[in-house]
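Have the viewer open and follow along as each part comes up.

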Amino acid sequence: MCSTTHSTIYQIGIDLGIKDTLTLSTGEKYSLPDLSKYENKLKRLHRQLSRKQKGSKNREKARLRLAKAYEKIINIKNDWIHKVTHKIVNENQVGKIVVEDININGMMKNSKLSKYIHMQSWGKFITILTYKAKNLGIEVIKADRFFQSSQTCSVCGYVNKEVKDLKIRKWVCPICKAEHDRDINAAKNLAKYGLTIPVGRGPFEFTPVDSALAEEPAKGLRAITG
């Protein structure tokens, strides 16, 4: 986790990504801990479970081992999310935090990205961020889903359609020649989006934090029962 100093910026934009889980308009980037070793362990434990006879004691032992592995991953992710959200809302003196309104269910249909999107837990991050921000009187806003945060130059406003390609991580604006990191540029545009929203607009509806924390354990248990 990167270090930061207190900020006096009134609004902060947060871009959500796969390479870096979070990118702030201040330039800070945060990434979930590497969980690849646990992914491999889950695959191995799933194979072991499938080989056990249904109703046997060995199958129950294998199921419990798998459940513990899921619980370990969930605990690591929850701990990271709580630390990062605490850092964001407590170390930045802001009135607004602007996040993307991502169609997570739609993106999960992409077989090449679905696994990585699920691991990022963007929905849980936004829920917990909103919960903590609300307690401090900070407004959390979802930008319009069709807002072109990545494609728009945060300096001059030029829209570069070529940046739709997710492989483009850095680009130079052909109009003002500003050099952009894709994610930082998107986060800066999200912060600017906050300026267009009147002060005092209520934050978007969110699931209570306890429900968010319960969401992934339920998914994990459904995957290992039977």
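K72 is found in helix α2. Helices here are DSSP runs of H or I with at least four residues, strands are runs of E with at least two, and both are numbered from the N terminus. Before going further, please note that this is a predicted model, in which local features need pLDDT of at least 70 and side-chain atom pairs count only at pLDDT 80 or more, while totals for chains, interfaces and linings use all residues. Residues are numbered from 1 along each chain as its sequence is written, and side-chain values use heavy atoms, with hydrogens and water left out.

K72 counts as partly exposed because its relative accessibility is 42%. The cut-offs are under 20% relative accessible area for buried and over 50% for exposed, with partly exposed in between, using a 1.4 Å probe and protein chains only.

## The overall layout

Stepping back, the protein chain has seven helices and seven strands. Read along the sequence, they follow the pattern β-β-β-α-α-β-α-α-α-β-β-β-α-α. Of the 226 residues in the protein chain, 44% are buried.

Helix α1 also holds L49, which counts as buried because its relative accessibility is 6%. L49 and R65 are 16 residues apart along the chain, and their C-alpha atoms are separated by 9.2 Å.

## The nonpolar core

Now for the inside. The largest nonpolar core has 24 residues, and those with the most contacts inside it are I14, L16, L22, I88, I97, F125 and L129. Such a core is a set of buried Ala, Val, Leu, Ile, Met, Phe, Trp, Tyr and Cys residues joined through side-chain atoms within 4.5 Å. Two or more residues come from each of β1 (11–16), β2 (22–24), α2, β4 (96–99) and α5 (122–135). Helix α5 gives the most to this core, with six residues.

## Salt bridges

Side chains of opposite charge can pair when their charged atoms come close. A salt bridge here is a side-chain nitrogen of Lys or Arg within 4 Å of a carboxyl oxygen of Asp or Glu, and by this rule the count comes to 10. One of them joins E91 to K87, with the closest N and O atoms 3.5 Å apart. Both residues lie in helix α2, four residues apart, about one turn of the helix. E91 is partly exposed because its relative accessible area is 24%, whereas K87 is buried, at 12%.

Another salt bridge pairs D181 with K170, the closest N and O atoms being 3.6 Å apart. This pair links distant parts of the chain, with D181 in strand β7 (residues 179–181) and K170 in strand β6 (residues 170–172), 11 residues apart. D181 is buried at 18% relative accessible area, but K170 is exposed at 63%. D20 and K19 also form a salt bridge, at 3.9 Å between the closest N and O atoms. D20 counts as buried, at 11% relative accessibility, and K19 as exposed, at 64%. K19, D20, K29, K170 and D181 are linked in a network of salt bridges.

## Two loops to look at

Most residues other than glycine have a negative phi. K177 has a positive phi of about 70 degrees although it is not a glycine. K177 sits in the loop between β6 and β7 and counts as exposed, at 57% relative accessibility.

The loop between β5 (139–142) and β6 holds Q148. Q148 is partly exposed, with a relative accessible area of 27%. Q148 and V159 are 11 residues apart in sequence and 7.9 Å apart in space, C-alpha to C-alpha.
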